[in-house]
Amino acid sequence: SLFEDYPTYFEKLELNIPESGDQIPDLLDEIRWNLDWMISMQDPADGGVYHKLTTAKFEGMVEPHLAISQRYLIAKSTTASLDFAAVMAQASRVYKAYFPEESVMYLKAAEKAWSWAKENPTELYKQNEVNERFDPDITTGAYGDRSADDERIWAAAELFVTTHNLTYWEELVDADQSFKLPSWNQVAWLGYYSLLRHQESISLLPQEWLAMLKINLLSAARTQLEGIETTAFRSPIETNIKNFIWGSNAVAANQGILLLYAFKQSNEPIFLDAAQSNLDYILGRNATGYSYVTGFGSKSPLHPHHRLAVSRPNLPPLPGFIIGGPNPGQQDGCTYTSSFADESFTDESCSYASNEIAINWNAPFAYLTNALEAIQP
């Protein structure tokens with residue numbers, strides 16, 4: 001999505017990775033590494049996608065080459081298959097100009113996963129039930145999701161944008177358009193963002209339907225601004241205590257993405273300014289004074305809940321990782337100096353509730369930082 005929104009910026013950006021210097025934008029080279037792995041998670045026989053690859057229990061805090069416990073492919077699921085279909089459909093159009101053969105493969109994989117999900121619409125991952133049927137018991141994070149409705153919207157949207165096949169539009173015409181901030185278990189608006197991004201190239205989109213989508217987007221963005229002037233740090237995340245959940249920094253980043261889409265639809269600077277304010281919050285303009293990104297700022301996390309960091313205690317953590325952020329739930333039992341929502345953070349490796357590193361938090365942060373740089377370098 002970041003590449004599709006700002007292709008010119010990324011065609012020129014070099015990230016100093018092993019592939020730098022080839023004719024492929026570095027961001028796409030890096031994403032392709034993960035796409036190759038995702039393809040391996042699909043059952044080629046029927047198109048279903050496995051929910052996860054995991055050890056039975058969490059590995060210790062060891063370096064990757066010492067993480068040698070047996071791993072298991074667990075349970076094909078409707079949600080995994082639809083998430084996969086969405087990503088591969090988008091990858092198909094993004095990579096078409098660079099890897100045309102892989103582009104075709106991605107689309108075929110997406111369509112096959114979609115078909116499996118249509119045939120198995122209620123195969124939700126339920127770890128306890130899996131453990132009742134198979135040994136050993138799996139105790140790693142379940143990421144259980146009780147509904148595939150949002151995944152179906154995301155997959156249908158990406159497949160529709162890529163193929164213009166009306167079969168996928170039929171899944172969207174009566175779908176719930178109400179705004180829900182994207183998160184790991186709420187992905188519908190990733191699809192709606194794509195439809196807005198490509199609205200001018202899809203003549204099949206009814207204007208009334210599209211107009212309502214824009215209204216919902218702008219209304220949600222304006223809601224993020226309510227009360228911002230009364231907060232101590234003038235940032236949208238501070239306007240509602242409910243924003244301080246496990247992974248609150250991802251809430252801030254995803255709010256920023258919403259505000260950037262509102263800016264693109266309306267050209268109102270207030271949305272751009274608010275997105276910048278949430279980035280400022282993440283980078284240190286907050287109640288703890290921490291830049292929540294390792295290696296950046298005069299005060300940043302030194303002891304994240306991250307296996308590579310903990311396994312190398314004599315080295316600082318690798319730079320560029322965003323940690324979860326303040327979380328008054330404090331589910332990890334570590335020692336916190338404050339119970340105030342926006343101060344409920346501790347820079348200790350035991351704190352998976354506030355100091356963990358996760359890909360689904362780093363992704364929106366990567367979008368927010370780069371998009372702001374692309375818009376106003």
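The crossing of helices α10 and α12 is left-handed, a term used when the near helix is turned anticlockwise from the far one by less than a right angle, with right-handed used if the turn is clockwise. The model is predicted, and local features need pLDDT of at least 70, side-chain atom pairs count only at pLDDT 80 or more, and totals for chains, interfaces and linings use all residues. Helices (H or I, at least four residues) and strands (E, at least two) are DSSP runs numbered from the N terminus.

**Helix pairs**

Two packed helices are described by the angle between their axes and the distance between the axes. Here the axes are lines fitted to C-alpha atoms, for helices over the stretch in contact, and the angles run from 0 to 180 degrees between N-to-C directions.

- Helix α10 (residues 207-225) and helix α12 (residues 269-282) have axes that come within 11 Å and cross at roughly 55°, and the two are therefore oblique to each other. Angles under 35 degrees count as roughly parallel, over 145 as roughly antiparallel, 65 to 115 as roughly perpendicular and the rest as oblique.
- From α10, L218, A221, R222 and L225 make the contact with I270, F271 and A274 of α12, where contact means heavy atoms within 4.5 Å. By class, the contact of α10 with α12 has 6 nonpolar, no polar and 1 charged residues; Ala, Val, Leu, Ile, Met, Phe, Trp, Tyr, Cys and Pro count as nonpolar, Asp, Glu, Lys and Arg as charged, and the others, Gly among them, as polar.
- Helix α4 (residues 78-94) and helix α5 (residues 100-119) have axes that come within 8 Å and cross at roughly 155°, so α4 and α5 are roughly antiparallel to each other, and their crossing is left-handed.
- In that pair, T78, S81, L82, F84, A85, M88, A89, A91 and S92 of α4 meet S103, Y106, L107, A109, A110, A113, W114, W116 and A117 of α5. The residues of this contact divide into 14 nonpolar, 4 polar and no charged.
- The axes of α9 and α11 come within 12 Å and cross at roughly 20°, and these helices are therefore roughly parallel to each other, with α9 passing α11 in a left-handed crossing.
- Y193, L196 and R197 of α9 meet I257, L258, Y261 and Q265 of α11, and the residues of this contact divide into 5 nonpolar, 1 polar and 1 charged.

**Nonpolar cores**

A nonpolar core is a set of buried Ala, Val, Leu, Ile, Met, Phe, Trp, Tyr and Cys residues joined through side-chain atoms within 4.5 Å. Buried means under 20% relative accessible area, exposed over 50%, and partly exposed in between (1.4 Å probe, protein chains only).

- In the largest nonpolar core, which has 93 residues, L172, L195 and I282 touch the most other members. The largest share of this core, 10 residues, comes from helix α11 (residues 248-266).
- Not counting residues up to four places away in sequence, I282 touches N249, A252, A253, Y290, S291, Y292, V293, I322, F365 and L368. A second, separate core of 5 residues includes A56, Y125, V130 and I138.

**Backbone features**

- A cis peptide bond joins D135 and P136, with omega about -5°, and P136 lies in the loop between α6 (127-133) and α7 (149-163).
- A75, in strand β2 (residues 71-76), has a phi near 50°, a positive value in a residue other than glycine, and A75 counts as partly exposed at 30% relative accessibility.
- R234, in the loop between α10 and α11, has a phi near 55°, which is likewise positive in a residue other than glycine, and R234 is partly exposed with a relative accessible area of 38%.

**Buried loop residues**

- P25 is found in the loop between α2 (7-12) and α3 (26-40) and is buried, with a relative accessible area of 5%. Not counting residues up to four places away in sequence, P25 touches F3, F10, E11 and Y98.
- Q199 lies in the loop between α9 (188-197) and α10 and counts as buried at 17% relative accessibility. Leaving aside its neighbours within four places in sequence, Q199 is in contact with L205, L210, K214 and Q265.

Conventions. Residues are numbered from 1 along each chain as its sequence is written. Side-chain values use heavy atoms; hydrogens and water are left out.
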